[in-house]
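Below is a short briefing on one protein model, grouped by topic. Please read it alongside the sequence and the coordinates.

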Amino acid sequence: MTLEILSPERTLFSGEVESVTLPGTLGEFTVLRHHAPLISSLTAGEVRFRQKGGDEQSFAVKGGFVEVKKDEVSVCIQQ
């Protein structure tokens, strides 16, 4: 699935990933391939994702939003 992480200043990451874990306002959740469409607000925490091949990366966030649709995850964050 495709992940794009954006801040107001720039694109922080854009590429193929196996999973994304996000700090949702109602609790942490993980998005995998074929996840149901959703839009959620994010709270302070960490966005973690596993790239194809197994490398894991993360970004600290103060808040933001995520949209999931058709194996595309778009995350707008405040750092």
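**Strand pairing**

Ser-40 has Val-66 in β7 as its bridge partner. This is a predicted model, in which local features need pLDDT of at least 70 and side-chain atom pairs count only at pLDDT 80 or more, while totals for chains, interfaces and linings use all residues. Residues are numbered from 1 along each chain as its sequence is written, and side-chain values use heavy atoms, with hydrogens and water left out.

- Strand β4 (residues 38–42) and strand β7 (residues 63–69) run antiparallel and are joined by 5 bridges; two strands pair if DSSP finds at least two bridges between them.
- β7 also pairs with strand β8 (residues 72–78), in the antiparallel sense, over 7 bridges.
- Within that pairing, Phe-65 has Cys-76 in β8 as its bridge partner.
- The two strands β7 and β8 form a hairpin with 2 residues between them.

**Overall form**

- The protein has 0 helices and 8 strands, where helices (H or I, at least four residues) and strands (E, at least two) are DSSP runs numbered from the N terminus.
- Its radius of gyration is 11 Å, close to the 12 Å that the globule rule gives for 79 residues, so the protein is as compact as a globular protein of that length. The radius is taken over C-alpha atoms, and the rule is 2.2 Å times the number of residues to the power 0.38.
- Along the principal axes, the C-alpha atoms fill a box of roughly 25 × 25 × 15 Å.
- Buried residues are 38% of the 79; buried means under 20% relative accessible area, exposed over 50%, and partly exposed in between (1.4 Å probe, protein chains only).
- Of the contacts (heavy atoms within 4.5 Å) between residues at least 6 apart in sequence, 44% join residues at least 24 apart.

**Nonpolar core**

- The largest nonpolar core has 20 residues, and those with the most contacts inside it are Leu-3, Ile-5, Leu-22 and Val-75. Such a core is a set of buried Ala, Val, Leu, Ile, Met, Phe, Trp, Tyr and Cys residues joined through side-chain atoms within 4.5 Å.
- Two or more residues each come from β1 (2–6), β2 (11–24), β3 (27–32), β5 (45–51), β6 (56–61), β7 and β8.
- β2 gives the largest share of this core, 5 residues.

- Leu-22 lies in strand β2 and is buried, at a relative accessible area of 0%.
- The C-alpha atoms of Leu-22 and Val-47 are 4.9 Å apart, although 25 residues separate the two along the chain.
- Beyond four places in sequence, the residues that Leu-22 touches include Phe-29, Leu-42, Val-47 and Val-75.
- Ser-19, also in strand β2, counts as buried at 16% relative accessibility.
- Including Met-1, Val-31 and Phe-49, the residues touched by Ser-19 are counted beyond four places in sequence.

**Positive phi values**

- Most residues other than glycine have a negative phi.
- His-34, in the loop between β3 and β4, has a positive phi near 65 degrees and is exposed, at 64% relative accessible area.
- Lys-70, in the hairpin turn, has a positive phi of about 45 degrees.
- Asp-71, in the loop between β7 and β8, has a positive phi of about 60 degrees and counts as buried at 18% relative accessibility.
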